[in-house]
Amino acid sequence: MSEGNGANGNSTFDVIGKPVQRLDSLGHVTGRTQFFEDVNPAGMLHLKMHRSERHHANLVSVDTSEAEKVKGVVQILTHEDVPKNWYTVLTLINVGYPEELVLAEKKVLWYGEPIVAVVATSERAAREGAAAVKVEYEDLEPIFDVEEAIKADAYPLKPHGTNYFEYEGHHCRRVRLGDVEKGFAEADHIFEFKYQSKPIEQAPTETTGCIVEPRHDGRLKIYSNTQAAFFTLDNTALILDVPFGKLQVVGGTVGGGFGGKVDVTVEPITCIAAMKTGKPVKYVYDRYEEMQISSPRAAERIYIKDGVMNDGTIVARQVTLYADAGAYSRHSPYATTKAAAHMPGPYNIPNVHIDSWCVYTNRTPSSAMRGFGVTIGDFALETTMDRIARALDLDPLQLRLKNAYRDGDMKAHHKVAEGTALIEVIQKAAEQVGHELPDEYRAMSSKEAR
Amino acid sequence: MPSSVIEITVNGSEEEFIAKPGTTLLGALRDTLGLTAAKRGCGVGTCGTCTCHVDGEAVMSCLVPVETINGATVRTLEGTTPADGLSPLQQAFLDNFATQCGFCTPGMIMAAEALLAVNPAPTREDVVTAISGNVCRCTGYESIIEAILIAAEATS
Amino acid sequence: MLVHVPTSVDEAVALLDEGKGVLVAGCTGLYPHLGPDQSIISLRNAGLSGVETDGDTVRVGATTTLTQLAREVPFLRESIASIASPTIRNMATVGGNLFAPQPHGDLAVCLLALDAQIDKTGDVVTSITFKVPEHWYYTKAMRRKQNSASIVTVASDGVRIALGGVAPGPVRALAAEAKLAEGDIDGAAEAALEAADPFDDAYASAWYRRRVLPVHVRRALTNAV
């Protein structure tokens, strides 16, 4: 192809096909890139959190008197210091309702839930102060299993009275096409599989944190490594009950995020500490907190039931998926919607029944991580395809080609598929790895109606 | 809490400052001396983002109580950057796309500096060993290893 | 919190006896996990670093780093290379390794196989002495090729066999040694299980450690370093 001919024949490719220096790389190799923690305002205070040591408990008493006596401790914050203590990040886009607490009030729902913030002149004093807070608990039975959580007699963890997120009055995200029972009845083979993933920590090298500096003009300047600067700004303003214009977020430089820095967990309480003390305050997770406290990718349990003909045509697929949100919603209702939207995979199946549940348990709240809501489901779907191919003694690529979406197919979501390309991608991949395909499979095309 | 007067030579400059008990070398560099290239990734010696040289050897500066190295000579990434331009390692990291988020980069370069100081013509295996204490979570190890080998070739 | 930096062993012993803090040397093991009010006594300047050898016997000062030891004692190089990363080996000390909790402390496993002798002043280890063996066998199974804790560590001079990763501390595999004395390597591999009391951790399960221990004993004893 002749270089320099764009779509209109007059533009040039200045970037495509050429290495282009990253804009931020010079700062990285010299160590001059300013990460949030490289800001070091004079007189900065340090915030550390006293966290729940129970998975599920009522708080009988919270005693901060010993913490107050620790040398260097200047401020102790409880839920009473938080203007709007109840929040949920996705309410900004009208998903959910405020059900997470900046600092615990009457009970704790997970091991690590923040209860009391201690602000001191040094990180060491703040740690010592946080360790000196005494909390008396009344233990409640914790729920760790998604299917236990949704049983009718399970202890309700949420104000709305159930342990699942309600999607417009429904117990889960549902996708329906055709009649899945009829499909199973007609199928030559029925396959049923169960998959279970564990939570996965994003583990960025730079831990989650922020520095908040009160400015002369009355605004708060928030240096943060958030991956979601505007989400942070808006949610923080709602929690502080101040106009958005009162806050300025300085962000964009993130020492690895991978989805682990999209929740708004450190900025609101640090702003409150800065407002109360009139001084810059830093709150940064230590490595333990990053691994144990910050939200991981949700664990998912997935049941797949397929009805398949002898030639490998899939005539029915039923998927029941449980995403373990942990104790609070964060981004999980969105992820679970994505999971529902991703099923039944890139295949043309006439009868589909999907139930995708966002379930609350007493585990660490889960949230975003690269492709969340999709990655685990893909593992389950594609493993299922391989298992079916093996059971029916079919070539796994041919099985996929036979069932792959084509333009014009009706998707399970009642949308007509367009711009499909799975067939061509599989054909190309097969060619590149020397996997031989029969002529009829090589001749297939996404553009050719079924 | 009796603080200590610390005298160390950092990047050729004699520094004298007061440190609270338990101040780490990393804390002193970043908070007292304003040298923020070295990062605190884990604080427990497992990620390598704080890698600096003490008396010529690469160490995890988050694990060094600064009182224990009084009189030592310390080198950080700032000290390896020439007044004009870049060091061969820095140039190789820049040219070969060996950075992504940039948080591990200062530690990676300091670990590589320590390697090339004693082994100017390393094998790939030598390079892998030298950075085995440094985590790159963006998983750019291949380009980092390449960059170090290219820098070694350029200087030898 | 205080940081004591004694300049002699006697001073260090006195501070320790007075309860002025916990002993540290390389600061790679205990130090990062101390509480905010915990004081330390650093041996860094106590004059305990250095290796003396006449080619037959090696005497290692307690605060000699793993890097220094590897430089001075060639037969241990490969074993030491299996421990942590070069950066940590520049800091971690021979004396400190004796106290590293399992599944760390692979050098202590080597020293056990070498029947090393420890010199102390008060409660402070000052030096470790061992003879250079005629033969040296070592293997360490890890999750990665480098910088990972032990799943199973096997060290032997061809007579004594010491194990790491498979019990609460480094252990001698006495039953395996008896089999080895008869020239029965397969028997030694199986008999090593008698010394095992493995644990579950993030690196491997107790079941797995027990399952692969004989394999690694056999591999170690059939491949001299």
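This is a predicted model: local features need pLDDT of at least 70, side-chain atom pairs count only at pLDDT 80 or more; totals for chains, interfaces and linings use all residues.

Analyst: **Where the domains meet**

Residues are numbered from 1 along each chain as its sequence is written, chains are lettered from A and ligands numbered from 1 in the order in which they are written, and side-chain values use heavy atoms, with hydrogens and water left out.

In chain A, domain 1 covers 45-139 + 203-292 and domain 2 covers 173-199 + 296-394; these bounds come from an automatic or database domain assignment. Taken over C-alpha atoms, the centres of the two domains of chain A are 36 Å apart. The contact (heavy atoms within 4.5 Å) brings 19 residues of domain 1 of chain A to 17 residues of domain 2 of chain A.

Two salt bridges are found across this interface of chain A, a salt bridge being a side-chain nitrogen of Lys or Arg within 4 Å of a carboxyl oxygen of Asp or Glu. A salt bridge also joins the side chains of A:E100 and A:R330, at 2.6 Å from N to O. On the side of domain 1 of chain A that touches domain 2 of chain A, nine residues are nonpolar, six polar and four charged. Here Ala, Val, Leu, Ile, Met, Phe, Trp, Tyr, Cys and Pro count as nonpolar, Asp, Glu, Lys and Arg as charged, and the others, Gly among them, as polar.

Now for chain B, with domain 1 at 4-76 and domain 2 at 88-155. The C-alpha centres of these domains of chain B lie 21 Å apart, and 14 residues from domain 1 of chain B and eleven residues from domain 2 of chain B take part in the contact. Together the two domains of chain B bury about 950 Å², with 66% of it on carbon and sulfur atoms. By class, the side of domain 1 of chain B that touches domain 2 of chain B holds four nonpolar, seven polar and three charged residues.

Notes
Buried area is the accessible area (1.4 Å probe) that two parts lose on being put together, summed over both.
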